[in-house]
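Here is a briefing on one protein chain. It covers the fold, a helix pair, the charged side chains, selected residues and a surface patch.

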Amino acid sequence: MNRNSDGRHPADGTSAERGAARAERSLTGAPSGPGGTVPGLLGGLPRQRSVPTTTGPGPAPSPAVSGRAAEAERLPVAVRSVLRLLPTPLGTPFTFGYALVLAVTSYVASHADPAIVRSLHQASSTDVAHLVRYPVAVLFASALWIVGGFLSPYAAGFLLVLTALERRIGGARAAGVFLLGHVVATLATEVPVGLAVWAGHLPGSSLHRFDYGISFGVAASVGALAGLLSPWLRWPLLTLIGAVLAEDLILLDDPMTNWGHLLALALGIATWPLVRRAARARAVASAAGRT
């Protein structure tokens, strides 16, 4: 019977080596491969770290991303639904950034000297005198203020409506709808005033009519969003908003502004073919990104 030079049987040496390998694997926790080897390790180099393998193509997800996703999934469905109603920096950057600006200007309006605030509002007013001299600047500045501050109904409507609209059609298109209502309704209500003053039907003081705020843009956004909702939400929403605006017009508190609100709502409704196409394209792109 053949023996090794140290006097041991070959089978005895193999069993000892296998026992040592099993002990090494029990200490390191590494899986064993065919023939008692550890995949990814070099022979003859003790206590190497095994290289983890992946089951699919591409890099493994970041632990931080996986943690945030898991944490979001643990939230109740009702909480997640409520959170989607509010703007976020990544989900709705236009609405979120604009809301921060409006919060700052509302704080200034609430805490600054009333004379200074009135001067700022007057300089931002989209009256005929300002529109003739500084049309772009004053249209931009007038949209930086909320009548009644950040706790007003206009602010709540802005947050809810613009968030929902931006989630469906994207930030650039949502901004376009808002600007459409703000600019067109402003011009449509101020140009007749200028013509009436020129014709002698209104006094010259009407050229300095105090007008600022975001209500025209919000009304247009409501009209556009209604076209993306299911019918049982769309028509009650339009009926309610239309009734409120019509009541304001009947009261004749500020006829030009009230007509502007109805016009802005109609402008938003007129964008239905565009916003629906944009919403479908966005939904298809989102579905393709998940596959």
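The chain holds 13 helices and 0 strands; helices (H or I, at least four residues) and strands (E, at least two) are DSSP runs, numbered from the N terminus. Along the sequence the pattern reads α-α-α-α-α-α-α-α-α-α-α-α-α. This is a predicted model: local features need pLDDT of at least 70, side-chain atom pairs count only at pLDDT 80 or more, and totals for chains, interfaces and linings use all residues. Residues are numbered from 1 along each chain as its sequence is written, and side-chain values use heavy atoms, with hydrogens and water left out.

**Whole chain**

- Of the 291 residues, 33% count as buried. Buried means under 20% relative accessible area, exposed means over 50%, and partly exposed lies in between (1.4 Å probe, protein chains only).
- The chain exposes about 17,900 Å², and carbon and sulfur atoms supply 68% of that area. Accessible areas come from the Shrake-Rupley method with a 1.4 Å probe; for residues, only the protein chains shown count as cover.
- Take the contacts in the chain with a separation of 6 or more: residues 24 or more positions apart account for 69% of them. Contact means heavy atoms within 4.5 Å.

**Helix pair α9 and α12**

- Helix α9 spans residues 171-199 and helix α12 spans residues 255-270. They pack at an angle of about 140°, with their axes 9 Å apart.
- Axes are lines fitted to C-alpha atoms, for helices over the stretch in contact, and angles run from 0 to 180 degrees between N-to-C directions.
- α9 passes α12 in a right-handed crossing. A crossing is left-handed if the near helix is turned anticlockwise from the far one by less than a right angle, and right-handed if clockwise.
- On the α9 side, the contact is made by L180, G181, V184, A185, A188, T189, P192 and V193. M256, G260, L263, A264 and L267 make it on the α12 side.

**Salt bridges**

- The structure holds 2 salt bridges. A salt bridge is a side-chain nitrogen of Lys or Arg within 4 Å of a carboxyl oxygen of Asp or Glu.
- One joins the side chains of E190 and R209, at 2.6 Å from N to O. E190 sits in helix α9 and R209 in the loop between α9 and α10 (215-226), so the pair ties together parts that are 19 residues apart in sequence.
- Another joins the side chains of R209 and D211, at 3.7 Å from N to O.
- R209 has a relative accessible area of 18%. D211 is buried as well, at 9%.

**Selected residues**

- T186 is another residue of helix α9. It is buried, with a relative accessible area of 1%. Not counting residues up to four places away in sequence, T186 touches T126, L131, L139, G181 and F216.
- G149 lies in the loop between α7 (135-142) and α8 (153-169). Its relative accessible area is 14%, so G149 counts as buried.
- G149 touches S106 and A155, with residues up to four places away in sequence left out. G149 and A109 are 40 residues apart in sequence, yet 7.5 Å apart in space, C-alpha to C-alpha.
- T88 lies in the loop between α3 (77-83) and α4. At a relative accessible area of 28%, T88 is partly exposed.
- T88 is in contact with P93, F96 and R167, leaving aside its neighbours within four places in sequence.

**Nonpolar surface patch**

- V104, Y107, V108, I116 and L120 make a nonpolar surface patch of about 440 Å². Two elements give two or more residues to the patch: α4 (93-111) and α5 (114-124).
- Patches are made of residues with over 30% relative accessible area and no salt bridge: like charges are joined within 9 Å, nonpolar side chains (Val, Leu, Ile, Met, Phe, Trp, Tyr) within 5 Å.
- α4 gives the most to the patch, with 3 residues.
- Y107 has its place in helix α4. Y107 counts as exposed because its relative accessibility is 52%.
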